[in-house]
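Colleague: I would like to learn how to read packing, charge pairs and backbone angles in a model. Can we work through this one together?
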Amino acid sequence: MKMIIVKDLKRYYGTGETAVKALRGVSFEIKKGEFVAIMGASGSGKTTLLRILALLDDATDGEYTIRGLQVSSLPEAERSYYRLTQVGYVFQDYALINEMSAAENVYVLSMMEGKSRKESYKTALEALDKVGLKGKHNRVPDELSGGEKQRVAIARAIAKKPDILFADEPCANLDTSNSKQVLDVFKELNEKYGQTIVMVTHEPWHTEYVDRVITLEDGNLVSDEKKQKG
Ligand SMILES: Nc1ncnc2c1ncn2[C@@H]1O[C@H](COP(=O)(O)OP(=O)(O)OP(=O)(O)O)[C@@H](O)[C@H]1O
Ligand SMILES: [Mg+2]
């Protein structure tokens with residue numbers, strides 16, 4: 001099943017002569033259950049692309065379909081609802097609330113979706129268990145390693161059982177051992193639960209974990225390669 005179809009996607013910042021052409025017309029499809037890495041030099045358009053795919057930003061031109069839904073032409077309220085309930089996003093800097101425990105950080109988003117307190121709590125604990133944080137539910141971010149913090153952020157993103165999990169350089173602030181823990185979690189979510197994942201990364205060794213690598217260069221898609229998983 002086709003999860004994502006983008007056709008000739010463009011994103012210009014500003015207009016006229018001085019416009020920055022961050023995406024110059026990118027086309028590809030992603031199937032349900034794929035684990036895709038987006039690579040490319042700094043400034044090549046990776047974050048711009050991911051933000052559009054996750055509905056955090058609008059394209060200047062082109063078509064974007066998620067699960068057959070033409071999202072580029074959805075009314076804003078429906079886009080927001082889809083984003084809240086079906087899109088998981090993991091940021092480079094974790095974006096956790098420091099005053100809240102791991103469980104509360106995950107739980108807060110389920111509550112926002114309108115789930116009951118009891119159901120939200122149960123969902124939060126299940127998500128934390130899935131990322132290997134059993135027994136650390138009550139720790140605040142300061143009591144967790146970088147890799148553990150990022151795994152809380154992943155738990156928060158997957159608690160809603162999103163169609164797609166997006167991650168923008170999720171290991172950028174982590175050492176090799178913490179990066180491996182985080183990548184192992186992504187790999188397990190992909191292989192065990194069939195989670196579709198689109199992850200931006202700079203590090204060539206991260207591509208050992210994925211099915212496919214899309215490379216951007218100066219706003220263009222310059223290669224799209226299937227990988228043998230390591
Ligand atoms: N809000 C913005 N306004 C103007 N230009 C922007 C904006 N966001 C990004 N750009 C420009 O668009 C281009 C692509 O940026 P983008 O952040 O997508 O690159 P990236 O591949 O994610 O880079 P990095 O690896 O450094 O994170 C760059 O030239 C950048 O300066
Ligand atoms: Mg970026």
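Modeller: Gladly. This is a predicted model. Start with R156, which sits in helix α5, residues 146-158.

Colleague: Is R156 buried or exposed?

Modeller: The cut-off for buried is under 20% relative accessible area. R156 has 14%, so it counts as buried.

Colleague: Which residues does R156 touch, leaving out those up to four places away in sequence?

Modeller: Y94, A95, L96, N105, V106 and L109. Take N105 as a case of sequence distance against spatial distance. N105 and R156 are 51 residues apart in sequence, yet their C-alpha atoms are 7.0 Å apart in space.

Colleague: Where is A95 placed?

Modeller: In the loop between β6 (87-90) and α3 (102-112). With 37% relative accessibility, A95 is partly exposed.

Colleague: What is the phi of E169?

Modeller: Near 45°, again a positive value in a residue other than glycine. E169 is in the loop between β7 and α6. Its relative accessible area is 15%, so E169 is buried.

Colleague: On to helix pairs. At what angle do the axes of α5 and α6 cross?

Modeller: Roughly 20°, and the axes come within 8 Å. Helix α6 covers residues 176-193. Angles under 35 degrees count as roughly parallel. Therefore α5 and α6 are roughly parallel to each other. The crossing is right-handed.

Colleague: Which residues of α5 and α6 meet?

Modeller: From α5, they are G146, G147, E148, Q150, R151, I154 and I158. From α6, they are N178, Q181, V182, V185, F186 and L189. By class, the contact of α5 with α6 has six nonpolar, five polar and two charged residues.

Colleague: At what angle do α3 and α4 pack?

Modeller: At about 130°, with the axes 8 Å apart. Helix α4 runs over residues 117-130. That angle makes α3 and α4 oblique to each other. This crossing, too, is right-handed.

Colleague: Which residues make the contact between α3 and α4?

Modeller: On the α3 side, A102, A103, V106, Y107, S110 and M111. On the α4 side, R117, S120, Y121, T123, A124, L125, A127 and L128. The contact of α3 with α4 divides into ten nonpolar, three polar and one charged residue. V106 of α3 takes part in this contact, and V106 also touches R156.

Colleague: Now the charges. How many salt bridges does the structure hold?

Modeller: The general idea first. Side chains of opposite charge can pair when their charged atoms come close. The structure holds 15 salt bridges. In one of them, D57 pairs with R11, and the closest N and O atoms are 2.9 Å apart.

Colleague: Where do D57 and R11 lie?

Modeller: D57 is in the loop between α1 (46-53) and β4 (61-66). R11 is in strand β1, residues 2-13. The pair links distant parts of the chain, 46 residues apart. D57 counts as buried at 16% relative accessibility, and R11 counts as buried at 15%.

Colleague: What about the side chains of R67 and D163?

Modeller: They meet in a salt bridge, 2.9 Å from N to O. R67 lies in the loop between β4 and β5 (69-70), and D163 in the loop between α5 and β7 (164-168), so the pair ties together parts that are 96 residues apart in sequence. R67 is partly exposed, at 44% relative accessible area. D163 is buried, at 11% relative accessibility.

Colleague: With which residue does D224 form a salt bridge?

Modeller: With R212, the closest N and O atoms being 2.8 Å apart. D224 is in strand β10 (residues 220-226) and R212 in strand β9 (residues 212-217), twelve residues apart. D224 is partly exposed, with 38% relative accessible area. R212 is buried, with 5%.

Colleague: Which residues are linked with R212 and D224 in a network of salt bridges?

Modeller: E34 and K226.

Conventions:
Residues numbered from 1 in each chain as written. Chains lettered and ligands numbered in written order. Predicted model: local features only at pLDDT ≥ 70, side-chain atom pairs only at ≥ 80, totals over all residues. Heavy atoms only, no water. Helix = DSSP H or I, 4+ residues; strand = E, 2+ residues; numbered from the N terminus. Buried < 20%, exposed > 50% of the residue type's maximum accessible area, 1.4 Å probe, protein only. Contact = heavy atoms within 4.5 Å. Axes fitted to C-alpha atoms, helices over the stretch in contact; angles between N-to-C directions. Parallel < 35°, antiparallel > 145°, perpendicular 65-115°, else oblique. Left-handed = near helix turned anticlockwise from the far one by under 90°. Nonpolar A, V, L, I, M, F, W, Y, C, P; charged D, E, K, R; others polar. Salt bridge = Lys/Arg side-chain N within 4 Å of Asp/Glu carboxyl O.
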